[in-house]
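Hello,

Here is the structure I promised to pass on to you. Please open it first, and then read my notes below alongside it.

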Amino acid sequence: MSLLCVSVDHHRADLELLEHIERRADDLTARLTDPEFATGAVVVATCNRFEAYLDSPALDSDAVLRSLAEAADLPAERFAGASAVHAGNEVPEHLFAVAGGLESAVVGEGEIAGQVRRALDRARTAGTVTTELERLFQRATGVSKAIKHRTGIQSKGRSLVRLALRMAESRIGDWRGTRIVLVGTGAYAGASLAALRARGAERIGVYSPSGRAQQFAASHGVRAIPHEALELELERADLVIACSHAQDPLLGRERFARTVAPSRAPFCHALAGGAVSTADRPRPRLLIDLGVPRNIDPASATVPGVELLDLETVAKHAPIAELSAEAEAREIVADAAAEFAADRAELDAVPALVTLRGHVHGILEDEIARSGDPEVAAALRHFAGRLMHQPTVRVRQLGRSGRAPEARAAVEALFGPGE
């Protein structure tokens, strides 16, 4: 089998293209999971990337790109220009780096590991996981854990959510008194809520366009916002965090323009010594849009008193990773990818081992049947095991070093049918 990965991410595609692909994600996944397209497929789709991991005897990367461009309703040239193609042994190294957060907009992002695991779970449910893809993604989870425990690159504060809130701290003086509306109930909503509480935020309401706010609120101990109360909540809010999976913007400019309130409370900020001062200017509303596609219309930033942080803005302000931590993480990825490649190569030598063992065990069973003595049978089996040990080790070593064809040729020359 051969592995192929097609990756469209924030390194090569702008947010507009990523949004378009996100809207067509179901069409792309349907194309990828068609048995006639590939033997197996796992799709990793996040806010900043769309990746297809394919397993099939023969895959033409150009044909795959053309097919995916068609499914995404994009010109083939544009899709190909925004894509990176990884083949063979490049695939595990890329996936391990992705799972470890090394390819994220914020290096060391912690959420991506869970997204990779959930991608495998979805593929299992859909029945599109091959043995090779299962091994690949299981190993990726192990690499992610190794990076987390052996380096500081996934340390607190490196996720998109935490970075966005850190950027917001210059606008927020008192988290405890900040009125917050959280839009969405998925993984990013949960991460946002945890990060907000870590900062002492208490006045949090959650709104869900899909109607799941009540369930989320009950399980997380926050207040649910019904649809009819959203506009009033937006008017009162100091901070709006949108991270829904909705395909179209949920919050347009006109909604924020309608909720401008001249009498909004003054903006509070901390002074030296812990004292809190209230300035005379109106308290601004800060909008954080973590959705792909966007949850908030970018034009909302033109409303007086509104500031907007979207994913592109957050990513541009991502801190440079500590070089030592990232270098160590990259080394872990490279070592794991090399080991994975060696394991795959060793499997290529299995047919030679099967042939060798078949020959020896065939003779063994004949001799055991001829003797009819249990003690002799036990001795013969022990002897055959000792005899096979060194050839088995050597054939596996040849496989791991990429010399499986030599091992097969040697076994066939020695034990194959005569001329």
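Helices (H or I, at least four residues) and strands (E, at least two) are DSSP runs, numbered from the N terminus, and two strands pair if DSSP finds at least two bridges between them.

Before going further, please note that this is a predicted model: local features need pLDDT of at least 70, side-chain atom pairs count only at pLDDT 80 or more, and totals for chains, interfaces and linings use all residues. Residues are numbered from 1 along each chain as its sequence is written, and side-chain values use heavy atoms, with hydrogens and water left out.

**The sheet**

Val240 has Leu287 as its bridge partner in strand 11, and Ala242 stands opposite Asp289 in that strand. Strand 8 also pairs with strand 5 (residues 179–183), in the parallel sense and over four bridges; here Ala242 of strand 8 stands opposite Val183. The whole open sheet has six strands in the order 7-6-5-8-11-12, with parallel pairing. At its edges are strand 7 (223–224) and strand 12 (306–310), each of which pairs on one side only.

Is strand 8 covered on one face or on both? Both faces are covered: Leu239 and Ile241 on one side, and Val240 and Ala242 on the other, are all buried (under 20% relative accessible area, with a 1.4 Å probe and protein chains only).

Helix 8 (residues 160–168) lies across strand 8, strand 11 and strand 12, and runs at about 160° to strand 11. Axes are lines fitted to C-alpha atoms, for helices over the stretch in contact, and angles run from 0 to 180 degrees between N-to-C directions.

The axis of helix 8 also comes within 9 Å of that of helix 9 (residues 187–198), and the two cross at roughly 45°.

**Helix 1**

Finally, have a look at helix 1 (residues 15–23), whose buried residues are Leu15, Leu17, Leu18, Glu19, Ile21 and Glu22.

Best wishes

How values were computed:
Contact = heavy atoms within 4.5 Å. Buried < 20%, exposed > 50% of the residue type's maximum accessible area, 1.4 Å probe, protein only.
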